[in-house]
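Work through the exercises below with the model open. Each task is followed by its solution.

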Amino acid sequence: MNSTERKDFEHDLAILFGAYPGARLSEANIEAYWRGLARMSLVTFRRAMDRIMDPEQGEDRLPSP
């Protein structure tokens, strides 16, 4: 991702965190995911989110960066 996509990334990350009860999104979380996923495209991140949040394919817990 590039810096112009940061705002969209943060919005999508907030949606991902919202799908997991008890998960709290902080500035530190945002930065950790931003750095950890820096080589991933925003489109790929969104596809991964869709899969993760799919009740039939998804994870029971929030994935780490």
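**Exercise 1.** Which residues are buried in α2?

Solution. Some ground rules come first. This is a predicted model: local features need pLDDT of at least 70, side-chain atom pairs count only at pLDDT 80 or more, and totals for chains, interfaces and linings use all residues. Residues are numbered from 1 along each chain as its sequence is written, and side-chain values use heavy atoms, without hydrogens and water.

Step 1. Buried means under 20% relative accessible area, exposed over 50%, partly exposed in between (1.4 Å probe, protein chains only). Helices are DSSP runs (H or I, at least four residues), numbered from the N terminus.

Step 2. Ile-30, Tyr-33 and Trp-34 are buried in α2.

Step 3. Viewed down the axis of α2, its buried residues fall within an arc of 105° (directions from the helix axis to the C-beta atoms), so they line one face.

Step 4. The face turned away from the buried side of α2 carries the exposed Ala-28 and Arg-35.

**Exercise 2.** Classify the pair of Phe-9 and Phe-45.

Solution. Step 1. Rings of Phe, Tyr and Trp (its six-membered ring) pair if their centres lie within 6.5 Å; planes under 30 degrees apart count as stacked, over 60 as edge-to-face and the rest as tilted.

Step 2. The structure holds three aromatic pairs. Phe-9 and Phe-45 form a tilted one, 5.0 Å centre to centre, with 50° between the planes.

Step 3. Phe-9 lies in helix α1 (residues 6-18) and Phe-45 in helix α3 (residues 42-53), 36 residues apart.

Step 4. Phe-9 is buried at 0% relative accessible area. Phe-45 is buried at 4%.

Conventions
Helices (H or I, at least four residues) and strands (E, at least two) are DSSP runs, numbered from the N terminus.
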